[in-house]
Amino acid sequence: MSQEARGGVLVGIAALVSLMLVFSYLAAGGSSYEPAKVQDPCKPRPWRNPEGLQQIAEQFSLSALDGAACELGVSRETLARALATPASRERFTRRYGIDEAELARAIRAGLVRAIDDAERAGVLNPLVAAPLRATVRQVPVDQAIELIQNARSLLDNLQSFLGPAGGLLEGLLR
């Protein structure tokens, strides 16, 4: 077989494989693909049954982001990206016409919502929830953002602060 014939056969095989790929994509429903819709942050999401501080911290952060995003009228994902860095936060406030005071109020409201959700889910003891709500309403915005981004560090610091009584934290959270 000449080189020209081999080249023609290879091109034919490549075209056949390409057509098979397109047909299998269409057979799998690829012609009607739509991206998943972003969930409404104002709609409460049920808490899973968290096991341990890591899962509690994750759910707390997601709930706080939902609450703040709902206050601002944006998606949770949009707000999470906005809070990633000071520069992205500045772009976000400029794009949506939000001033720092409004952003701070929304973030604090998100933290209060996360506390409410944790208490409703039976994860946070009411004796802890009330003073925690009062605290987050006064916390500076940078610290509030840190709480949302890294609730695990808050729980870890609280547990290490309690020292030998650290087991009490699990009891207060459940």
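Reader: Which residues in helix 5 meet which residues in helix 7?

Author: E100, A104, I107, R108 and L111 in helix 5 meet V141, A144, I145, L147 and I148 in helix 7, where contact means heavy atoms within 4.5 Å. These residues divide into 8 nonpolar, no polar and 2 charged. A word on the source: this is a predicted model, where local features need pLDDT of at least 70, side-chain atom pairs count only at pLDDT 80 or more, and totals for chains, interfaces and linings use all residues. Residues are numbered from 1 along each chain as its sequence is written, and side-chain values use heavy atoms, leaving out hydrogens and water.

Reader: Why are helix 5 and helix 7 called oblique to each other?

Author: The axes of helix 5 (residues 100-120) and helix 7 (residues 141-149) come within 10 Å and cross at roughly 40 degrees. Angles under 35 degrees count as roughly parallel, over 145 as roughly antiparallel, 65 to 115 as roughly perpendicular and the rest as oblique. Helix 5 and helix 7 are therefore oblique.

Reader: What makes C42 and C70 a disulfide?

Author: Their sulfur atoms are 2.0 Å apart, and a disulfide is a pair of cysteine sulfur atoms within 2.5 Å. So C42 and C70 qualify.

Reader: Why is C42 called partly exposed?

Author: C42 has a relative accessible area of 39%. Buried means under 20%, exposed over 50%, and partly exposed in between (1.4 Å probe, protein chains only), so C42 is partly exposed. C70, at 26%, is also partly exposed.

How values were computed. Axes fitted to C-alpha atoms, helices over the stretch in contact; angles between N-to-C directions. Helix = DSSP H or I, 4+ residues; strand = E, 2+ residues; numbered from the N terminus. Nonpolar A, V, L, I, M, F, W, Y, C, P; charged D, E, K, R; others polar.
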